[in-house]
Structure formats: structure tokens, C-alpha cells
Amino acid sequence: MHPMAASRGRQLLRQAASRLDASTAIRSLQPPVASWARRSYSSPSDQQQQQQPPPPPPPPPKPPQVKFWPFVIIIALGFGGYALLVNKRIEMPAVENAGLPAPDKSSPTFSPKDVTVIFVLGGPGAGKGTQCARLVKDYGFTHLSAGDLLRAEQERPGSQFGELIADCIRNGAIVPMEVTVALLENAMTEVVQKNPGGKAKFLIDGFPRKMDQALKFEEVVCPARLVLFYDCPEKEMERRLLERGKTSGRTDDNIESIRKRFRTFIETSMPVVNHYEQDGKVIKVDATPTPDSVYKTTTQRLEGQLGKGF
């Protein structure tokens, strides 16, 4: 090689090396690029992904829907069972002489135009039975004693009310209204059916003993024409009952039952007398004289109200 060319090549090499060292020195003096600066030059698609809002929360669960068809089935079954029960009751044969009270009626069984009803009231031992027996004999009345009917029902075989009636009589209490009214109506029906023209006159002795009995009887059986009230002092009635008890054999003819019956009459039966007295339907007779004297007064007072021969 020519000496000058070699010298020229060595000079070029030294210049290139010098420029390389200067470039390296300049880069070493430049500060490093921060990570945030590098991230700022991210692509537009990356920025869009970072700026998207979070996804919406899932919708709340729907409340469970109430199903009505099970209730419809239950109601239908209930009505079906009730209808079946009613049909069975309709098909059941009636029980004869069950002694149950008749259902409420829209009108009384008997008309006061055909049937005359006189209630005979007074304390126990006032002589009601004695006076009724003579009126039956002389004037054609039918005497119905509520007490006698109850005692007969008590002794009737198979009576469902026998024990109840016995307890009430023994304790001087009042037998339930429905029982007494039903017994009286049955007895009256037997008499009316036997009489020509369906006419009859009744003396109902010892009834009604309470106001509700009076109202119920007039509602379902027959309105009363009069009330025959025998007034007698308690001491006299007690004397008569104790004397009767020696031979009557009645379980209520003892001093304890007698006094209970007195209290019951004053508390419950006297309001009945007072009610009919306000309506002008009471014939009050003093029952302390002899039976003949009491009977004479009774017939005179009845003629004044009902006419001669009644």
C-alpha cells in the first residue's frame, strides 16, 4: 500500500472513533425517559380501553310469583264437601218422636178464633189444679198442666230430656223453654184433631213461668186470651204443700224444694203476670178462702170477660 493512503485510512479511523465516543458521551448525559412518559405515548386503542366505565351490576332477582290455583282447588274441595254433607242430611230419614223442638214458624199453629188459651198462674200450692179440674167439668175446658207433661216426659222410656227434667224439678229450676213449649203444642194438637171443626178451649196450668216462654208460646203455638192468676200468701202455700206431700209422693213436695219454687215464682213468673196485666188480660183471684168460694169468684170473673157459659 502507498504510505499516504495508509496514513489517510488511519486518520479516518481516528475521526470515526472520536465521533462515536462523543455520541456515547452525549447519550450518557441525557436523563432517562420515565415510565409515565412512555405510557403517555400508548396507542389510542389502549387509551379507549382504559377510559371505558365498569360494567353495570346484574339486575336484582325477580320476586317469586304467587300461584293461586292451589287455593282455588282447596276452596272447590271445601264447597264440594259441604254440598255432600247437606245432601246426606236431606236424604236422612226423620227420627220419629225424637222430642226435639220444632223449627221457628212464620205464624202460630192455632188461630185464637178456633182455640182459646187461658194461662193459669199462681205460686206453688195456690190451688190452680183444684180450680182447673172444676172448670173442665163445668165448662168443657181441656186442662194441660205443664208440670204433669214434664213429669210424664221424664218417665217416658227413651226420653232424651228425662234426666234434665228430673234435675230441674228436684232443684226448683225452670225446664228449658223449647222442651215445655214442644210438649204443650203436641198435647194441644192431639185434642184439636179429635174435636169437630178443630175448636178447643185450654187451661194451661203453671205456664208460662218466664217472659220468654210466654212470648215463644204465642209466637209458635197460639196467642193467649187471658191469664187467670191465683194470689195466695207464701205461708199458706207452704202449709198446703207440706200437707199434700204426706200423700202425693212428689219429689218436690219438701220444704227445701218448696222454698226454691217460691223464690223462682217471685223472680221469674210475677213479671209475666205484670206484663199481661198491663194489657188488661189478667183476672186476679184471691186464693186464700175455701175452694168453693174461690171457684165462685173465678166463674164470675170469667163470665165478665168471656160471656156466660164462656
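**Exercise 1.** Is Phe 310 buried or exposed?

*Solution.* The model is predicted, with local features needing pLDDT of at least 70, side-chain atom pairs counting only at pLDDT 80 or more, and totals for chains, interfaces and linings using all residues. Residues are numbered from 1 along each chain as its sequence is written, and side-chain values use heavy atoms, leaving out hydrogens and water. Buried means under 20% relative accessible area, exposed over 50%, and partly exposed in between (1.4 Å probe, protein chains only). Phe 310 has a relative accessible area of 16%, so Phe 310 is buried.

**Exercise 2.** Classify the aromatic pair formed by Phe 119 and Phe 207.

*Solution.* Rings of Phe, Tyr and Trp (its six-membered ring) pair if their centres lie within 6.5 Å; planes under 30 degrees apart count as stacked, over 60 as edge-to-face and the rest as tilted. The structure holds seven such pairs. For Phe 119 and Phe 207 the centres are 6.0 Å apart and the planes stand at 75°, so the pair is edge-to-face. Phe 119 and Phe 207 are both buried.

**Exercise 3.** Which residues cover the two faces of β1?

*Solution.* Strands (E, at least two residues) are DSSP runs, numbered from the N terminus. In a regular strand, side chains alternate between the two faces of the sheet. One side of β1 has Val 115, Val 117, Phe 119 and Leu 121, and the other has Thr 116, Ile 118, Val 120 and Gly 122; all are buried.

Conventions
Helix = DSSP H or I, 4+ residues; strand = E, 2+ residues; numbered from the N terminus.
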